[in-house]
Amino acid sequence: DETIVDKNVSKVQKLDSIPNSTGNYKNQEQISALKAQIKELTTQLKANKEMFEEQIHIKTKELERKLYYDNLTNLRNRFALESDIKDEEFVSIILLDIDSFDDINELYGFRIGNSVLIEVSKILKEFAIKHNIDVYRMYGNVYCFADKRIINFFEYSEFIEKVGKLFKNRPIYIKELDIDVFINITLGISLAQEEPIKTAGIALKRAKKNNRQYLAYNNEIDT
């Protein structure tokens, strides 16, 4: 669509195309001066259009980052996940919940709690890159792995075992206090369900309630 700037450029270009008058010399001088002003105005309008478009591009990128990225960890967030999987036919989701995270906040304070979340995100991102999957921070101390590939159940079972052992005997180093923090995680799994985020959340909630490290969603959970 033609913008307002484009329309104004078009108008001044039409004016610039008007031939010089065959009248007296003074009129020709005035017309030549006017044409020079029109050319200058055209150049300015084009420059303003490019600057305006660049500003829109920058602001759009800023808006996308605020909408789709988590400020603390720089991981993509739940909105990004929902956007990424909305047209996918097959999606497997693993929600990862850091157990007893409130105890970390109470013992060390929220600033150290945030440091733990940041360090955990780095480990998860490294793991996601290695296994060609996507990682997100959903909220609080809950993260997500998303896989859009179709893999057999046996392979996925092995993968879940790897995720479950990701933080076993693996300390989270907190530079501010020069200490190691150890964490455990609980997993909620949704494999090829119609509402993968919702069903993974149900599985996570049931796993924590039953004190299990992980649980995969099935229809019996809702009964």
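Which element gives the largest share of the lining of the second largest pocket? Keep that for the last stop.

This is a predicted model, so local features need pLDDT of at least 70, side-chain atom pairs count only at pLDDT 80 or more, and totals for chains, interfaces and linings use all residues. Residues are numbered from 1 along each chain as its sequence is written, and side-chain values use heavy atoms, with hydrogens and water left out.

**Stop 1: threonine 73**

Select threonine 73. You are in the loop between helix 2 (25-68) and strand 1 (76-77). Helices (H or I, at least four residues) and strands (E, at least two) are DSSP runs, numbered from the N terminus. Is threonine 73 buried or exposed? Its relative accessible area is 10%, so it is buried. Buried means under 20% relative accessible area, exposed over 50%, and partly exposed in between (1.4 Å probe, protein chains only).

Now show aspartate 70. Its side chain makes a polar contact with the side chain of threonine 73, at 2.6 Å. A polar contact is a pair of N or O atoms within 3.5 Å; within protein, one must be able to donate a hydrogen and the other to accept it, and residues adjacent in sequence count only if both atoms are side-chain atoms.

Contact means heavy atoms within 4.5 Å.

**Stop 2: helix 5**

Select residues 110-130. This is helix 5, with 21 residues.

Colour the buried residues, among them Leu117, Val120, Ser121 and Leu124. What covers the buried residues includes strand 2 (92-98), helix 4 (101-108) and strand 3 (134-139). Step past the helix to asparagine 132, whose phi is positive, near 55°.

**Stop 3: the largest pocket**

Select Asn74, Leu75, Arg76, Lys125 and Val135. Of the 14 lining residues, these lie nearest the centre of the largest pocket. Helix 5 gives the largest share of this lining, five residues.

**Stop 4: the second largest pocket**

Select Phe153, Tyr156, Ile189 and Tyr214, which are among the residues that line the second largest pocket. A pocket is an open set of points on a 1 Å grid over the protein atoms alone, where a 1.4 Å probe fits, with protein on both sides within 12 Å along at least five of seven lines; lining residues have an atom within 4 Å of a point. Finally, select helix 6. The largest share of this lining, five residues, comes from helix 6.

Methods: Expected span 1.5 Å × (residues − 1).
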